[in-house]
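Hi,

Here is the structure I promised to pass on to you. Have a look at it first, and then read on for what turned up.

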Amino acid sequence: MTDDTKTSGQRPRQSRPGLTSTGARKASAKSTRSRAREFALQALYQHLVGRNDAASIDQFTRDLAGFHKADAAHYDALLHGAIASAQELDALIVPLLDRKLEEISPIEHAVMWIGVYEFQNCLDVPWRVVLNECIELAKEFGGTDGHKYVNAVLNGLAPQLRPAEVEADRASGKVRP
């Protein structure tokens, strides 16, 4: 035991490969799609907060450092797809909120757009991966407990948007009923 452990009563945080000291994934451990989601989140934030148009946001984002390591096709789908279907995405999200949509952080709002868009349009990505990736985005970029809110909303939508997949996971015991 170190002196810190004795005085604080907590165990020191274990370092795990691929994770920072806060538990976030290191940039080197992120997949091209994870990076695409991060850039899409930044771009959607610009759209929600600044009301910038998709073309301007896209041009700006592609010039950011590290964009070349992202899956550009997935980024395009998320950015342009979420903006084009924003009303439909919000219509699915709103019934699961406990407050007005305008009171949701733009980060959490954008993360939910990404999750709902992927549930509907990226069927090659398992629903649990979509959920986990969105929770990670909210942890890294959102408010203190924003990831819990994102989790609740997207977990509530998953059975509606991916019913067969969710039911198969429940039947196999991979997910609690």
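This is a predicted model: local features need pLDDT of at least 70, side-chain atom pairs count only at pLDDT 80 or more; totals for chains, interfaces and linings use all residues.

**Salt bridges**

Lys139 has a partner: Glu136 forms a salt bridge with Lys139, and their closest N and O atoms are 3.9 Å apart. In general, an α-helix has 3.6 residues a turn, so residues three or four places apart point the same way. Glu136 itself counts as buried, at 18% relative accessibility, where the cut-off for buried is under 20%.

Searching the whole structure gives 13 salt bridges. Another of them joins Glu140 to Lys30, with 3.2 Å between the closest N and O atoms. Glu140 belongs to helix H7 and Lys30 to the loop between helix H1 (3–8) and H2, so this pair ties together parts that lie 110 residues apart in sequence. Lys30 is buried at 11% relative accessibility, while Glu140 is partly exposed at 36%. A network of salt bridges links Lys30, Glu38 and Glu140.

There is also a salt bridge between Lys148 and Asp145, whose closest N and O atoms are 3.5 Å apart. Asp145 counts as partly exposed, with 44% relative accessibility.

**The nonpolar core**

The largest nonpolar core contains 48 residues. Those with the most contacts inside this core are Leu44, Tyr75, Ile93, Leu97, Met112, Trp113 and Ile114. At least two core residues come from each of H2, H3, H4, helix H5 (86–93), helix H6 (106–121), helix H7 (127–141) and helix H8 (146–161). H6 gives the most, with 9 residues. As a general point, nonpolar side chains tend to be buried together in soluble globular proteins.

Leaving aside residues up to four places away in sequence, Leu97 touches Ile104, Met112, Tyr149 and Val153.

**Helix H3 and what lies around it**

Which residues of helix H3 (residues 54–62) are buried? They are Ala54, Ile57, Asp58 and Thr61. Viewed down the axis of H3, these buried residues fall within an arc of 100°, so they line one face of the helix. The face turned away from that buried side carries the exposed residues Ala55 and Gln59. Helix H2 (32–50) and helix H4 (72–84) are among the elements that cover the buried residues of H3.

Gln42 is partly exposed, with a relative accessible area of 31%.

**A backbone angle to look at**

The loop between H2 and H3 holds Arg51. Arg51 has a positive phi of about 55°, although it is not a glycine. Most residues other than glycine have a negative phi. Arg51 counts as exposed, at 59% relative accessibility.

That is the tour. Happy browsing!

Best wishes

Conventions:
Residues are numbered from 1 along each chain as its sequence is written. Side-chain values use heavy atoms; hydrogens and water are left out. Buried means under 20% relative accessible area, exposed over 50%, partly exposed in between (1.4 Å probe, protein chains only). Helices (H or I, at least four residues) and strands (E, at least two) are DSSP runs, numbered from the N terminus. The arc is that of the directions from the helix axis to the C-beta atoms. Contact means heavy atoms within 4.5 Å. A nonpolar core is a set of buried Ala, Val, Leu, Ile, Met, Phe, Trp, Tyr and Cys residues joined through side-chain atoms within 4.5 Å. A salt bridge is a side-chain nitrogen of Lys or Arg within 4 Å of a carboxyl oxygen of Asp or Glu.
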